[in-house]
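Let's take a walk through this one together, from the overall fold down to single residues. Have the viewer open as you read.

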Amino acid sequence: MRTAIVLCFLCAAIAGTSQAEAAPGGCLKYGAAGAVAGHMAGHHAVKGAIVGCAVGIWRRHEYNKQMREQKENGTPPENQPETPH
C-alpha cells in the first residue's frame, strides 16, 4: 500500500506540471522529486535522483526542441495569446 501511494506521488510529480509554469524543470527539480520518492519507496534515494534527473533532462530537451520549432515556423507558443501587429 505504501509503495502504491509513493508511486502515485512520483507519477504526479513527474508527469503533472502546472499550466501556469512556463518551462518544465530540469535535472535539479526532477532529481529532488525522484530522491524523495525513492527514499519513501525503500531507501533508494540515489536511484530515484538519477532517474528523476534523467527525466528532467529529457523533458527540458523536448521543451527546448518544441520552442525552437515554433520559433522557426513563426507560430506563437501554445498557451500564449497571439498579439496583434
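What follows starts with the whole chain, then turns to its helices, the link between two of them, and the loop.

First, a word on what you're looking at: this is a predicted model. The chain averages a pLDDT of 78, and 62% of the residues score at least 70. Helix H1, residues 2-15, has the lowest mean, at 63, while H3 has the highest, at 92.

Now the overall picture. The secondary structure comes to 3 helices and 0 strands, and along the sequence the pattern reads α-α-α. Of the 85 residues in the chain, 18% count as buried. The accessible surface comes to about 6400 Å², and carbon and sulfur atoms account for 65% of it. As for contacts, take those with a separation of 6 or more: residues 24 or more positions apart make up 50% of them.

Let's go to H2, which runs over residues 27-40. How far apart are its end C-alpha atoms? They are 20 Å apart, which agrees with the 20 Å that its 14 residues should span at 1.5 Å a residue. The buried residues of H2 are Tyr 30, Gly 31, Gly 34, Ala 37 and Gly 38. They cover an arc of only 130° around the axis, which puts them on the same side of H2.

Gly 34, in helix H2, has a relative accessible area of 4%, so it falls in the buried class. Its C-alpha is 8.0 Å from that of Lys 47, a residue 13 positions away along the chain.

Next comes H3, residues 45-73. It has 29 residues and reaches 42 Å from its first C-alpha to its last, close to the 42 Å expected at 1.5 Å a residue. The buried residues in H3 are Gly 48, Gly 52, Cys 53, Gly 56 and Gln 70. And what do the buried residues of H3 pack against? They pack against H2.

From Gly 52 to Tyr 30 the C-alpha distance is 4.6 Å, although the two are 22 residues apart in sequence.

Cys 27 lies in helix H2 and Cys 53 in helix H3, so the pair ties together parts that are 26 residues apart in sequence. With -100° about the S-S bond, the link is left-handed. Are its two cysteines buried or exposed? Cys 27 counts as partly exposed, at 29% relative accessibility, whereas Cys 53 counts as buried, at 16%.

Finally, look at how the helices end. H2 is followed by Gly 42, whose phi is positive, near 120°. H3 is followed by Gly 74, also with a positive phi, near 80°. Between H2 and H3 there is a loop, and His 43 has its place there. For comparison, most residues other than glycine have a negative phi. His 43 counts as exposed because its relative accessibility is 64%, where the class begins over 50%.

Notes
Residues numbered from 1 in each chain as written. Predicted model: local features only at pLDDT ≥ 70, side-chain atom pairs only at ≥ 80, totals over all residues. Heavy atoms only, no water. Helix = DSSP H or I, 4+ residues; strand = E, 2+ residues; numbered from the N terminus. Buried < 20%, exposed > 50% of the residue type's maximum accessible area, 1.4 Å probe, protein only. Contact = heavy atoms within 4.5 Å. Areas by Shrake-Rupley, 256 points an atom, 1.4 Å probe, with all protein chains shown as cover. Disulfide = S-S within 2.5 Å. Expected span 1.5 Å × (residues − 1). pLDDT = per-residue confidence, 0-100. Arc of directions from axis to C-beta.
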